[in-house]
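Thanks, everyone. Let me put the structure up, and then I'll walk through a sheet and the helices around it.

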Amino acid sequence: MMKTNSLPFTISKTENFFDRLGDYIGDVFYDILPEQGYELRDEQIYMAFQLEQAFKNKHTIFAEAGVGTGKTFVYLLYAICYARYRRKPAIISCADETLIEQLVKKDGDIEKLEQALGLSIDVRLAKARENYVCVRKLDALVEQTDDEDIHEVHDAIPDFVFDTSAMMKSFERYGDRKEYPWVSNESWEKIAWDPLEQCSTCEWRHRSGQTLNREYYRHATDLIICSHDFYMEHIWTKESRKREGQMPLLPEASCVVFDEGHLLEFAAQKGLTYRYNFETLSNVLTAYMGQDVREETLYLVEDILTLNDEWFQLLGKNTTDVKGSNRKEINFSSTMLEMAQSLYEKVQQLLEQLVFDAELFTMEDYHIKIIEEYLEFFSYGLSILLKDDEGIYWLEESDTSTNLVIMPRLVEEVLKKEVFSQDIPFVFSSATLAQAGDFSYLANSLGIQSFDSFSVDSPFDYEEQMKIAGHIASDKQIKWERIGKQLRENEGRSLVLFSTMEDMEEFREWVNLQSFSFQVLYEGDREISETVRTFQLTASSVLCAYHLWEGLDIPGEALTQVIISSLPFPPKDPVFQAKRKHAKNPDYEVDIPYMLLRLRQGIGRLIRSSNDHGAIQLWIEEQQKQLYEDQIEAVLPVNIDWN
């Protein structure tokens with residue numbers, strides 16, 4: 001067994017690291033892995049030597065490799081060796097938690113690599129904050145709810161969390177969503193961290209689950225695995241965290257790998273998003289008024305609170321619901337924009353007043369930093385809103401809160417400056433990175449000016465392993481009945497992919513009136529990795545999902561049919577409406593490319609090994625068949641039989 005943090009090959013003072021690395025990689029793929037029963041794949045070896053140049057020259061590389069090429073082993077091996085050489089961890093950024101699970105689960109890729117090569121890999125997970133329980137929310141809610149799942153979570157919280165006399169050395173990591181697999185997504189949202197929580201002033205913050213887990217993963221020596229969302233949150237918050245005397249979310253890295261890298265732009269937009277809750281500004285400014293501030297400042301704060309109240313009321317009255325989305329489109333009027341301008345100017349005045357109040361030494365520095373940080377955050381978001389064509393806006397409403405969300409329309413300039421200006425290797429890995437062999441579309445959207453690229457096809461014999469059938473959906477009830485027949489004929493063992501959660505819930509209502517001999521599982525009912533594991537281990541079951549178009553890896557007889565219930569076009573929400581608005585031909589520049597890429601990803605869930613087999617059932621509308629048949633058939637791995 002190799003020691004963690006030592007190179008898995010010897011190197012003398014006179015030898016070049018990359019020369020020895022190349023020799024080792026060759027030994028691994030030509031000799032060691034085949035001796036361990038792994039298939040020798042030309043595509044995998046080709047990818048390995050392409051990546052060597054990217055690491056050697058510290059380049060950005062787009063590595064498009066089909067399903068079954070073994071691309072994960074390749075990038076993991078390079079990332080681990082390079083991390084040990086540079087003595088800084090490599091960051092593996094994945095599209096979502098499902099893909100992370102494929103890497104770190106028992107018998108996952110990392111464990112397989114350890115066993116095959118005799119390595120001990122130090123891998124730690126850096127999860128987004130919403131994956132951790134918020135003890136403050138939980139402790140308050142447990143006295144008000146009859147939800148047994150939430151009470152069970154509260155009972156599972158370690159004693160030291162509530163014992164303020166406990167010594168830090170007794171603290172242990174806890175609070176990860178995965179530790180409470182029985183909790184539904186709906187219940188989890190009630191007790192998890194959310195953007196409206198003021199963690200910096202929370203009395204639980206030093207003993208919170210996310211704080212303790214963050215302290216743990218920061219000391220990783222080989223790999224830190226996170227989601228794209230978390231990586232972009234790190235990029236966006238690192239400077240403000242430094243100003244507040246906090247550590248960035250992630251440590252300095254030797255290299256970054258973006259698995260399913262074609263989804264990074266969406267994560268970047270999300271990471272750079274400003275989310276404003278009506279009550280948060282009120283809470284911050286009310287706390288400010290409680291300090292020893294001048295009368296002039298108090299009047300200004302009262303003006304801002306009144307204007308904020310009126311503005312949010314007006315926003316709520318001027319929205320349009322978006323089907324399939326919780327985002328409400330805002331219909332901005334000149335009056336609403338004038339109010340936003342006035343609010344922006346008054347907040348700017350208050351920031352100046354805050355500096356003056358601070359100089360009077362009437363407020364603690366800590367409180368000044370908190371208030372100043374939030375006001376600057378609020379002010380900058382408003383500045384994006386007030387500039388023509390720079391932002392995307394929507395309203396999210398629930399029973400308890402109203403949130404205004406402001407997202408920058410373009411992120412390439414920020415990414416170019418904050419991410420890809422670093423002098424380290426960046427690897428984009430996916431089966432779907434290029435459009436008709438061209439990587440420039442993705443590169444331009446991410447602000448990447450110089451890059452290497454290559455494509456290798458899947459080694460699988462799709463003609464022998466896969467069949468694709470096309471079906472016309474004339475009526476939804478008839479479609480559900482025919483899908484039900486397809487499930488029965490296959491004795492379950494199927495993944496049903498939906499374009500939206502609403503479609504999945506409609507199907508659930510239909511299923512509840514039927515009688516099936518197999519279990520039907522639904523995304524969101526339990527923690528996702530637990531749901532996937534149940535599906536994989538149950539002899540005959542069906543998994544219904546709307547997020548699992550990529551990342552799901554279920555080889556074998558557990559999954560022999562993928563049913564695509566409709567073409568996965570993007571929603572008509574404000575984000576995609578902004579993309580359509582700025583496209584010369586929205587259908588061909590936005591909607592169709594998104595649909596085809598997601599369709600390819602969904603089809604890719606079926607054949608995961610050379611022994612797999614099965615069928616794709618593709619459901620579309622008659623008009624869609626007439627419009628898109630040629631484009632769809634061009635991206636399919638085998639010919640489609642239309643029924």
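Start with helix H14, residues 295-317. H14 lies across E6, E7, strand E8 (328-330), strand E9 (391-397) and E10. Its direction runs at about 85° to E10. Keep in mind that this is a predicted model.

Now the sheet itself. In what order do the five strands of the open sheet come? The order is E6-E10-E9-E8-E7, and the pairing is antiparallel. Strand E6 (274-277) and strand E7 (319-320) stand at the edges. Each has a single partner strand, so one side of each is left without a neighbour in the sheet.

E6 pairs with strand E10, residues 402-408, in the antiparallel sense, over four bridges. Find Tyr-276: opposite stands Leu-404 in E10. Helix H13, residues 278-289, also packs on the sheet. H13 touches E6 and E10, and its direction makes about 75° with that of E6.

Next, a helix pair. Two packed helices are described by the angle between their axes and the distance between the axes. For helix H11 (residues 228-243) and helix H12 (residues 264-271), the angle is about 45° and the axes are 8 Å apart. H11 and H12 are therefore oblique to each other. The crossing of H11 past H12 is right-handed.

Which residues meet there? From H11, take His-228, Asp-229, Met-232 and Trp-236. From H12, take Leu-264, Ala-267, Ala-268, Lys-270 and Gly-271. Sort the residues of this H11 contact with H12 and you get five nonpolar, two polar and two charged.

That's my tour. Questions welcome.

Notes
Residues numbered from 1 in each chain as written. Predicted model: local features only at pLDDT ≥ 70, side-chain atom pairs only at ≥ 80, totals over all residues. Heavy atoms only, no water. Axes fitted to C-alpha atoms, helices over the stretch in contact; angles between N-to-C directions. Helix = DSSP H or I, 4+ residues; strand = E, 2+ residues; numbered from the N terminus. Parallel < 35°, antiparallel > 145°, perpendicular 65-115°, else oblique. Left-handed = near helix turned anticlockwise from the far one by under 90°. Contact = heavy atoms within 4.5 Å. Nonpolar A, V, L, I, M, F, W, Y, C, P; charged D, E, K, R; others polar. Pairing = 2+ DSSP bridges.
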